Amino acid sequence: MWQLFTIPFSHYCEKARWALDYSRRPYQERGYLPGLHLTATALRGRGKTVPMLKAGAEHLTDSSDILQFVDRERNVDVPSLFGRDEATRSEVIRLEDWLDESLGPSTRLLAYHYLLDSIETLVQVAGQGYGPLGRLGLGMTMRSLRGGIRKGYHITPDRAAQGMERIGKVFAETDARLSASPFLIGNSFTAADLTLAALSGPVLMWPESIHRFDRRIVSHDPIEGLPDAFKTIVQSLRKTPTGQHAQRLYRDWRRASS
Ligand SMILES: N[C@@H](CCC(=O)N[C@@H](CS)C(=O)NCC(=O)O)C(=O)O
């Protein structure tokens, strides 16, 4: 069976997981604590980051490659995530790349900036993919790694402000697109929408996305425990057309993992 190696709360891993669930190809997720994921990736000579998909002899180590591979291998009755013609496909890939480069790093930077000082809250919003012991381990790991994470992702107040500005620019552009059509590209759900919703996760935290592991618990809104400054940001981003679109996508287009 295919295996998806993840840090369960990573938004790039959620992007790959969503595509796999959408394609209806069976797979097993192997979730790691941050740092320990290197035993599955770097120690096997497969780069440093997750998601990584092992599918037979194939090892795919980038979420965009995983989406394209999974799309080629999807069940016959599942519509493509890349549209029906070449022009749509190119546009989907262009938007997906742009979101990977601009939105993904900025949402991660902002969430870590506010949550690395509040590990208990971080574990509450990011710990869903682990069992009780895993959550305990996540708290300990994040406490010991937080200096390294700040350094590795260059997290400073200035860079957080720049990240916020970047998110604002991306949302302004996606808001404009969504005022003209129900999806980012025309009338169909594509990899561009999936990428937008998955990579906005750290700054939207819709209950529907956080509780994808247990869809019964959607009544509790994870932002209640956030530090006030971050909560205000999340609340205002949720109200934008892009924020609303992401929630709709999670409600209507996010098949649960089987
Ligand atoms: N371009 C990569 C980015 C993946 C990425 O940044 N993954 C992060 C988690 S969000 C990671 O594995 N970080 C751990 C590390 O760098 O050691 C993709 O799209 O898959």
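Visitor: Is methionine 205 buried or exposed, and how do you know?

Guide: Welcome! This is a predicted model, where local features need pLDDT of at least 70 and side-chain atom pairs count only at pLDDT 80 or more, while totals for chains, interfaces and linings use all residues. Residues are numbered from 1 along each chain as its sequence is written, and side-chain values use heavy atoms, with hydrogens and water left out. Now to your residue: buried means under 20% relative accessible area, exposed over 50%, and partly exposed in between (1.4 Å probe, protein chains only). Methionine 205 has 4% relative accessibility, so it counts as buried.

Visitor: Where does methionine 205 lie?

Guide: Methionine 205 is in the loop between helix H8 (201-204) and helix H9 (207-210). Helices (H or I, at least four residues) and strands (E, at least two) are DSSP runs, numbered from the N terminus. Methionine 205 also has a positive phi of about 50° although it is not a glycine. Most residues other than glycine have a negative phi.

Visitor: Why is histidine 154 called exposed?

Guide: Histidine 154 has 51% relative accessibility, and therefore counts as exposed. Its place is in the loop between helix H5 (132-152) and helix H6 (157-180). Histidine 154, too, is not a glycine but has a positive phi of about 50°.

Visitor: Which peptide bond is cis, with omega near 10°?

Guide: That is the bond from valine 50 to proline 51. Proline 51 sits in the loop between strand E2 (27-31) and strand E3 (52-55). Most peptide bonds are trans.

Visitor: What makes the contact between glutamate 14 and arginine 17 a salt bridge?

Guide: A salt bridge is a side-chain nitrogen of Lys or Arg within 4 Å of a carboxyl oxygen of Asp or Glu. The side chains of glutamate 14 and arginine 17 meet at 2.7 Å, N to O, in a salt bridge. Because they are three residues apart in helix H1 (residues 11-23), about one helical turn separates them. Both glutamate 14 and arginine 17 are buried.

Visitor: How many salt bridges does the structure hold?

Guide: There are 16 salt bridges. One of them joins arginine 25 and glutamate 73, with the closest N and O atoms 3.5 Å apart. This pair links distant parts of the chain, 48 residues apart: arginine 25 is in the loop between H1 and E2, and glutamate 73 in the loop between helix H2 (63-72) and H3.

Visitor: Why is arginine 25 called partly exposed?

Guide: Arginine 25 has 25% relative accessibility, so it counts as partly exposed. Glutamate 73, at 32%, counts as partly exposed as well.

Visitor: What does the salt bridge of glutamate 91 with arginine 177 tie together?

Guide: In this salt bridge the closest N and O atoms are 2.7 Å apart. Glutamate 91 lies in helix H3 and arginine 177 in helix H6, so the pair ties together parts that are 86 residues apart in sequence.

Visitor: How do you know that glutamate 208 is buried?

Guide: The relative accessible area of glutamate 208 is 14%, so it is buried. Glutamate 208 is in helix H9, and its side chain makes a polar contact with the side chain of glutamine 247 at 3.3 Å. A polar contact is a pair of N or O atoms within 3.5 Å; within protein, one must be able to donate a hydrogen and the other to accept it, and residues adjacent in sequence count only if both atoms are side-chain atoms.
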